[in-house]
Amino acid sequence: MVMPGRRSSPSIRDSGEGLSSVVIDLLRIFKSKYNYKKISDMTGFPVSTLTRYLTGKTVPRGKKALQLLERLLANLNLKLVVNQHIRYLNGYVDLSQVMVNPNLIKVLGAYVINEFAGTKITSILSFDMTVLPLASYVSTMTSRPLGILAPEPLSPNGESIPVIYPDMDGVHAVSRWLLLNQSRKRESILIISSRTPPPKLFNSLHKILKRKGVEVSGIFMIIADEEMLKELNLPPGIKRVHIMKD
């Protein structure tokens, strides 16, 4: 949550201490598997520098933080790592074990921040409850307000906004509830979703966001369905990132 009077930078590449913390989190995960020499070979950063980062004597900042983040991620097969924690149940892909793993949340969070580092983003939206831990991590580390799309109202005082859309048969109306902390007149939002959003729900949500002056700047999905993506009313040029395809 952005504190009153504080304005976050439009680009998450300028997240300051939060970005440094993301890099240190990722570096610690690598250190649990590799020695300093191996990590130095992977990243091109001297062992002495990596040691100072992990012992807290100094922290990576600015361009060095982004460079180290990018090089660490380049040495990680994220699709393989995520797939190792997925459960396949009668054709259904269960991502719950991905989202309850703190190290995976940190790795995925680092990946999201790196992918959208140059994109104007002022807030984060968790499209479904499965990815709420990931969206919360990205929100915290980038000092962006967090919005939540939930199956029921999360606020008792009427702040949750109903998102009404037709069911799969187009006969009945169903709903989700949007809780959004709009701290600017015009927000640029990053949507984080476990899968490609259902088109009818997404398109109804998009209409509401537009009416509130909220622009969708990017969408991140763990699993993407290319056919469903074609049905989303996405703004031209919006950045779409996924880990694996359905």
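Predicted model: local features only at pLDDT ≥ 70, side-chain atom pairs only at ≥ 80, totals over all residues.

Residues are numbered from 1 along each chain as its sequence is written, and side-chain values use heavy atoms, with hydrogens and water left out.

Pockets, then. A pocket here is an open set of points on a 1 Å grid over the protein atoms alone, where a 1.4 Å probe fits, with protein on both sides within 12 Å along at least five of seven lines; lining residues have an atom within 4 Å of a point. Volume is the space filled by probe spheres set on the points, which are joined across faces, edges and corners.

The largest pocket has a volume of about 690 Å³. It is lined by 29 residues, and R195, T196, P197, P198 and M228 are the closest to its centre. Two or more lining residues come from each of β2 (92-94), β5 (161-166), β7 (187-195), α9 (199-211) and β8 (214-224). Helices (H or I, at least four residues) and strands (E, at least two) are DSSP runs, numbered from the N terminus.

The second largest pocket holds about 260 Å³. Of its 15 lining residues, I29, K33, L76, V81 and V107 lie nearest the centre. The elements giving two or more residues are α1 (17-31), α5 (78-83) and α7 (102-115), and α7 gives the most, with three.

Now α7 again, this time as a packing partner. Its axis and that of α4 (residues 62-74) come within 10 Å and cross at roughly 120 degrees. Axes are lines fitted to C-alpha atoms, for helices over the stretch in contact, and angles run from 0 to 180 degrees between N-to-C directions. α4 and α7 are therefore oblique to each other, as angles under 35 degrees count as roughly parallel, over 145 as roughly antiparallel, 65 to 115 as roughly perpendicular and the rest as oblique. Contact, meaning heavy atoms within 4.5 Å, is made by L69, E70 and L73 of α4 with V107, A110, Y111 and N114 of α7.

What angle do α2 and α3 make? Helix α2 (residues 36-43) packs on helix α3 (residues 47-54) at about 110 degrees, with the axes 9 Å apart. The two are therefore roughly perpendicular. Y36, K37, I39, S40 and T43 of α2 meet V47, L50, T51 and L54 of α3.
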